[in-house]
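Let's take a friendly walk through this structure, strand by strand. Have the viewer open and follow along.

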Amino acid sequence: MRNLGILVFILALVACQPQSEPQTQSDPAVVKLGQDTGGSAAGDFGPPQGEPVQAILTSAPNVPPPVNRDYPAKVIVDMEVRELDMEISEGVTYTFWTFGGTVPGSFIRIRQGDTVEFHLKNHPDSKMPHNIDLHAVTGPGGGASSSFAAPGHEAVFSFKALNQGLYVYHCATAPVGMHVANGMYGLILVEPPEGLPPVDKEYYVMQGEFYTVGKYREKGHQPFDMQKAIEENATYVLFNGSEGALVGEHAIKASVGDNVRLFVGNGGPNLVSSFHVIGEIFDKVYQEGGSRYQENVQTTLVPAGGSAMTEFRVEVPGTFVIVDHSIFRAFNKGALGMLKVDGEDNLPVYSGKEVDNVYLGDKVVAADLAAVTEITEARITGTATKAQRIQAGKVLYNGTCSVCHQQSGEGIEGVFPPLAGSDYMLTEPTEHAIEIVLNGLTGPVTVNGVTYNSVMPPMSQLNDDEIADILSFVFNSWGNDGDVVSADQVATVRAGTDRSEGAAH
């Protein structure tokens, strides 16, 4: 009986407490990012108000300004499909199919409750019909059947943006995978009614993979390889459509103390991204582009056809490397970008040095890779000079070999042998050096009277031109006076090398 009396007393106290006013999901003033938004049932704020608004579209990594509107509007989006030959890597071109002339397609920014009138034009020079499936659309196909446009034609349809969030759009014309693999994807942001919390910098980063007939960085124009795509064996995994899109002078930028928001998408068509910024921790991650966030995240998964919003404050200056942490994709397929942060050092937070050339290799200074493009063009015309080959080889050496053998060619004492003045390299036939690069070398070797016992892994993933240029650089640098190596010589040695099934060749 005594316990029952206590319980009655507690219930009476609770009943006497003042109650807050109930919050209704239909009232946009109380819908806060990270809380229950009520889904599409709460996203219809009535018919459009005011004059129609022309959407501001931007190319990656740029983002349109915040909507800054407290009412639903009719928003007109004009987008043109273009099929364009563009650079996918230095000296490598590819025929991209694009929304708005870029990969990824133009960034679209609207408000929840807006009615979008979408105009999709297919340029007369296109060879294929195209359409668009926007994941932000509530309706069969996401607009795909309503937006089909043959070359030289325009399709128009409309939809109401009922759900806030960050959404992928892509082409959905058969064969769908091929259209997506050729670069036909982008992001549309549907802001909550009150907008997103303000930040200092916003950027647009979208991952996608490409399947080419030639190997990674094989020079010239590369066509699409359907069988590789079906097998999900990507040649390139890239941010913003090319290997140089976010490195060197194209890196995104911030200053110490800035709050940075990244709108991250994954066009796929096949691979899930393990998105990571080396040296930063995401303060918030809106997983899968939704309304709720996780805090203090190191790496976030972004599914194919999905997205994420990441927010973080930059505390120290330097170069922060953006990668897919499925790490071979970063350093051997191209999924690497940079965030360059300027400002004063913050030694109590970090006392280390700036990321160095050895870590990032040939991606540190993207302009240096112009030497690779130059010799590629010279080879096509048959005018490649010894100097051009050596300069291209230097760039490739810095990105592949300098970690162990050093940029000076002096190696590391007691560990990795020198290449400068190396009797082991310079007194043997050229084919001997080619064999080492292709097949690796394990066990003790004596160079200039000193024995080294280390491992050089095989570099057979490099193509014939790359190996030839690297060795031409080595044979003609640091006082060495040797041969210029040809791609034909490398091809001959490669053809005579037995490899297990599946090994790089």
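Two strands count as paired if DSSP finds at least two bridges between them. With that in hand, turn to this predicted model and look at strand E15 (residues 273-278), which is joined to E20 by 4 bridges, the two running antiparallel.

On to E20 itself. This strand also runs antiparallel to strand E21 (residues 336-342), with 6 bridges joining them; Val 321, for instance, has Met 338 in E21 as its bridge partner. How many of the residues of strand E20 are buried? The count is 7 of the 7 in residues 318-324, so the strand is largely enclosed by the rest of the structure.

Now return to Phe 275 and look at its side of the story in the core. Nonpolar side chains tend to be buried together in soluble globular proteins. The largest nonpolar core here has 54 residues, and those touching the most other members are Phe 210, Leu 262, Phe 263, Phe 275 and Leu 339. Strand E10 (residues 201-210) gives the most to this core, with 5 residues. Leaving out residues up to four places away in sequence, Phe 275 touches a set of residues including Val 205, Phe 239, Leu 262, Ile 322 and Val 323.

Elsewhere, there is an open sheet of 4 strands with mixed pairing, in the order E4-E9-E8-E6. Its edge strands, E4 (108-111) and E6 (133-134), each pair on one side only. E6 meets strand E8 (residues 165-170) in the antiparallel sense over 2 bridges, and Asp 133 has His 170 in E8 as its bridge partner.

Key
Residues are numbered from 1 along each chain as its sequence is written. This is a predicted model: local features need pLDDT of at least 70, side-chain atom pairs count only at pLDDT 80 or more; totals for chains, interfaces and linings use all residues. Side-chain values use heavy atoms; hydrogens and water are left out. A nonpolar core is a set of buried Ala, Val, Leu, Ile, Met, Phe, Trp, Tyr and Cys residues joined through side-chain atoms within 4.5 Å. Buried means under 20% relative accessible area, exposed over 50%, partly exposed in between (1.4 Å probe, protein chains only). Contact means heavy atoms within 4.5 Å.
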